[in-house]
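Biologist: Hi! Could you walk me through this one? I'm new to reading structures.
Modeller: Happy to. Let's have it on screen.

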Amino acid sequence: MSSNNYWKGVEELDQTKEFVSSNANEFSEGLPLDKVFSNDDSTRANRRDFLKYFGFGLGAVTLAACNKAPIRKAIPYTEKPDNVTPGVPLYYASSSVSNTEGFPVIVKVREGRPIKFEPNKEATYFGGGLDGLGHSAILSLYDTNRLRGPMVSGKRKPLSWEDFDKEVKQGLAKTVSLGKSIAIITNGSNSLVTNKAISDFKAKYNNTEVIAYEPISYSGILRANTKSFGQRIIPAYNFDQADVIVSFGADFLGTWISPIKFHSDYSKNRVPKEGKMSKHYQFESLMSLTGSNADVRVPMKMSNVGQHLIALYRELGGATPHQGMEVAGNTIKVAAAELKAAGNKGLVVCGSNNEADQLLVNSINMMLGSYGTCIDTTNYYKGQTADEADFNAFLTRAKSGNYGAVINLDTNPLYSHPAAKEAFNAIPMRITTALTLDETSVNATHIATNLHPLENWDVKEPYKGRYVIAQPTISPVFEGRSSASSLVAWAGGDVADKAETTHAYNYTKQTFEAIVGGNFNKALEIGIVENLSAASVPSFNITGRAAADAIATKKGVDTELIIYQKVGVRDGAFGNTPWAHEMPDPVSKVTWDNYISIAMPDAKAQDLETGDVVKLTTKTGTIELPVLVQPGQTKSTYGIALGYGRLLPEEVKNDLKDLGKNAYPLVDMTAGYSDYTIGGVKLEKVLTPYKYEFGITQTHYSIEGRDIIREATLDEYNKDPRSGSYVHKPKMISLWDDYDYSKGHHWAMAIDLNSCTGCSACIVSCSIENNVPIVGRDEVRRRREMHWLRIDRYYSFEAPSQKDLSLSIVHGGEQTVEAGEQMTREKVMEAYSAASEDTDSAYDYYQNVRVAHQPMMCQHCDNAPCETVCPVLATTHSSEGLNQMTYNRCIGTKYCGNNCPYKVRRFNWFRYNENEKFDYHFSNDLGKMVINPDVTVRSRGVMEKCSFCVQRIQATKLTAKRENRKMKTDEFTTACAQTCPSNAIVFGDLNNKESEIAKLYANDRSYHVLEELGVKPSVQYMTKIRNKK
Amino acid sequence: MYSADIRQPLVTGGKTYSDVTADVCRPIENKPTSSWWLGFITGVVLLMVLVVTLAWTVWEGIGTWNTNKSVMWGWDITNFVFWVGIGHAGTLISAILLLFRQKWRMSINRSAEAMTIFAVFCAAIFPLFHMGRVWLGFWPLPLPNAFGSLWVNFNSPLLWDVFAISTYLSVSLVFWYLGLIPDIATVRDRATSKARKFWYGFFAMGWNGSAKSWGRYEVVALILAGISTPLVLSVHTIVSMDFATSVIPGWHTTIFPPYFVAGAIFSGFGMVLTLLLIARYVMNYQDYITKEHLEAMTKVILLTGSIVGVAYITEFVIAAYSGYEYEQYAFANRMFGPYAWAYWTMMFCNLLAPQVFWSKWARTTPWFIFVISIVVNIGMWFERFVIIVTSLHRDFLPSSWVMYHATWVEVGIFLGTFGLFFTCFFLFAKFLPVINMAEVKTIIKDKE
């Protein structure tokens, strides 16, 4: 007992009688039990009872309201596989799956599931970036429509491989006995393993023909190169070597040949260094992604490209009697002078598929001396090798019954070639290796269900001497078999697994060791092996003069149709991935659709507006599509994208089914090659009750002269690095206390508007990393796309010429437009309508628009307007400068979204997961495998936005902490920055003075968007410098 | 007793005390009329529309509305501000006019207060159901919780709204109920059935009409009037701060508090007039709600409408003068942009239309006043629509500029709140004395 005796009152001290007696009870006054238990009604429910009842009632209601959460079982490993630690991702080098090229990538794998592609930074030649389609193609692995096993036509139930092989072998034996040929259709020839398997197959069936088929043809280049220097190749183009780039309709940043690598190379010279940057001329019909980045973009009719090439050839001193044709403003002359000055640092590329055009381009490049510098014919490109003449010849032979069997390896000619179906049906046995039921496999007699590239081994050769090794990152999801193994099996080979390794592994390893050589495991680790030869300059057999003669008679047409690929969906082959569709087109910002793009003057002349449906007629067919008025497009040209209008069977649950129209039948093949420029087209307005509404993410075209994008010319920049960024603003006083970031990290981002091309790879990368839901066309129509990161595209008009100014001066003696002023559409229109009745000149401005791309995501403002208005503190500021979003706390008032000056907050209007109305990957068990387990899948009714990939920040911090060290400089980066092929986005810690971001923050070109608001964003942009006068 | 030779009598028709009691109690004590049934059933049908559309919203998500990535508030908050505004007249009439000893308020204050309360009910639906997760709607209340240091954000104007509106609603309710007690006691005393006796007796809280009771009653009424008066000004001031404290051009203006309060009184009187003119006609209360009343109220409309009009013009001039391009654009866009029709509707209804009340004829012709009161209601709805939607649909970055059109769900919810409002109002008219008998009796001359 304590020696201190406390007493609580005088009564206790005195121990009065009353105190002693009352203290014996717990309650000094006693409980009113008698009253409660008496029959007196007035006291039946007293105050205490009321509280009891109330408390009980509340408790009961609360319990009743607590629904039982659904039970989901997670099965732990009974034996943990080596290296697999739940929660720790593994990374494997492999090859991209979105095309047949074989682009090196890293696959991020969590608990045995590949969840994301990341660029392979070791593969420096390829630039360390990835595109939107490349990212979105991961979903083809988890496509719920994937075939479950080998199938025979008519039966929708998979067979066993033994039975299937037996049938195929019988069929092939029958073909041999009938004396007919077997055709193998391949998608190019850069897979060493497939090539080996084909040769094994041929050894058994020597009457086999191999025909390469690619939906997009580059035969013009192949044929021209054969004629020019005897090599049937597409060379490697090195845009990083070029100081002056002149492109005639080649969308090399978007869709032409190998755009991801071109992006990286191109961007290396786009940021001014020591007063210099590359100069890019683009002559084109449609407004392409490449054109939107050009320093000088000149609208040109693609059907006139030959005439323009002749003009350039002459200007460069080429000997030809032909005059050619100059574009408005003598731009070809200027470009020729610059090319001449650049010498072997000049590069001319051309998107035409006409052999003669390409011959002249070759001659021009030869004159410049670009072979050996900008163009490498030794370590050439192997991603595209097909010539459609071979395939067309095959179709003719097939129709006349030459073939008893066709084996179609992962191509879909029945979609992309209008004549293929009839010819294929003339072949009795049609075997196809496919992942899903597409147009070709539906028509096949035998479907040898393939393995997904991520389940399979392969060695690809995208460039001569550069080998990319693909390795499986998941066990086969279904009963597929690699097409190489299938070929070997049909040739009588043994494809059983041996010594716990699959046939595909052994076969690939053998092939690698035989052809490439070296340590296979080492190659697997890095993902790329390079055995290069020294570049040599080819000797030319043909002169430019002859080429010019061949084109000279080709004249431009009145109206032309350009068939092109969209940056998102490309040729349509791997387009069954909703991310690629939801990614807005970098220029038109349309999602989920193709359309006929037309120029403003044509729209006015034919009384068309965006959304009007028109019927377009060419020699080969008609197509009915809505129109989209596209600024920058050349007058009298129309554009339609490929990759849409799939004809898929009913049982395929696919988002592609009702998307757009198929433009492949319109490709003109009458001249012996696929011509994507079609002359003599007619446009007819179709009367529809309503205009077609596009799912378009940006509906206002003009920047309204606002100081959002800052830009300057190279000359201005060289004079003063801060030019373009001078905006007179009063010194402002902040009402807020500044945050103290002196301790720990301070995260920030810098975006260089000079490097950013608008390719939109970051959008898809961000969506996949952060489980951003896909909402579909209808919701995009309602302006509810969920992208955390968007790329704002703004058009601006060139400042009016002196002539235009004098026009304005005439009007009322007042100069209404000042030279050099940023023009808005309204201002130009006003100036013109004030000056004259001639609105045609105003429409000319629409052909000559300038474009700027600006990635926009949460700016992580220090004085964030969203943070102050949330009533429940669901969005708060971190000590490291992040604007955090607490989903669990969010009640969805949307006030933050309204108060965000950048409008980057996205609201979950519906539950986008497990909802049959949003039947994308979030709503089926297979598709859900792609979800990043590090990021919450948001529920309905909460706000979300860019988090600066906070899960990556946290993971890296934890690794550093576990390893008892400080975080390394630029140890990690965000998903957008990581994937950017042009390195335009840089993320890092401002408190680390060594970091790239800290250096960029000191750059003279840096500015913040809307900085006058005083919100102090953590994202900094860098003034766009255009290399022009 | 209230009389002055220079004033028109406030109650006409030579009513005696017993006439007043009989007239006011008649609807309560008799079977409802067919016009009452018509109104009540219409109200209930619309109320069902509210139930269905709200259920659909909660079941499917706010996605059933058409609000989007830029315009995240649309009809919902427009309707909220509209109803809160309407809810201003009642307290103004009962509190401020009581303090100013405006005796003409006596025959209208009861129904005006009832209208206030029902309007606030309607208003409260919107901030609640516009939440993405309405089932967590209690989170903005500063409740102690088991989530650690989780607390509400006192910086947020939405939180101020929660306090302002709940305070306003509770004070208005108490004030209204207090005023009802003597009248309920009258109904109780006249009741013939046991149930009526019980229920009216229950709510009369043992009122015995003694001088002591009256004395306390008047003191409490005055105190409540004193408490309510600042609330009339504060509620809409705080609602306006939802916009004024933001950074969005068109919202971020310091003129909002006074302008919103004037607008609220304007719209509240518009609604009071609409309702009273109906009640006056349906219930034959021409002697109690005289042209004198109508004239007084139209004068308030004329005054507040003009204040609002001046505010519109001031806002515009300030924007032009500011040299701030975003602000300038926001106002140019209101006038000439895609929503110009809404702006000009608002300008016509709120600025021009009430100016007819300079004419004595207009102020004393009931059908005409009715038309204008509807115009004012429409105009004030559009005012909120213009402020909210045109500011959001084109703010800073043109890349995010969008259009917004309501879906049937949003329209249904708005119509449905009228259902709730009229259902409540008709029930009120059936079961409670619509005119304050006790007070009206003080302003008539009864020879007895």
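Biologist: Is helix 9 of chain B largely enclosed by the rest of the structure or exposed?
Modeller: Keep in mind that this is a predicted model. Helix 9 of chain B has 27 residues and 21 of them are buried, so the rest of the structure largely encloses it.

Biologist: And how far apart are its end C-alpha atoms?
Modeller: The ends of helix 9 of chain B, which covers residues 256–282, are 38 Å apart.

Biologist: Zooming out, how many helices and strands are in chain B?
Modeller: Chain B has 16 helices and 0 strands. Its radius of gyration is 23 Å, close to the 22 Å that the globule rule gives for 448 residues, so chain B is as compact as a globular protein of that length.

Biologist: What share of chain B counts as buried?
Modeller: For chain B that is 51% of the 448 residues.

Biologist: New topic: how many residues of chain B are in contact with chain A?
Modeller: On the chain B side there are 39, and they contact 42 residues of chain A. Helix 6 (157–190) and helix 11 (325–336) of chain B each give two or more residues to that side. The largest share, 3 residues, comes from helix 6 of chain B.

Biologist: Which classes of residue does that side have?
Modeller: The side of chain B that touches chain A has 21 nonpolar, 13 polar and 5 charged residues.

Note on methods:
Residues numbered from 1 in each chain as written. Chains lettered and ligands numbered in written order. Predicted model: local features only at pLDDT ≥ 70, side-chain atom pairs only at ≥ 80, totals over all residues. Helix = DSSP H or I, 4+ residues; strand = E, 2+ residues; numbered from the N terminus. Rg over C-alpha atoms; globule rule 2.2 N^0.38 Å. Buried ≥ 20, exposed ≤ 12 C-beta atoms within 10 Å, placed from the backbone. Contact = placed C-beta atoms within 7 Å. Nonpolar A, V, L, I, M, F, W, Y, C, P; charged D, E, K, R; others polar. Expected span 1.5 Å × (residues − 1).
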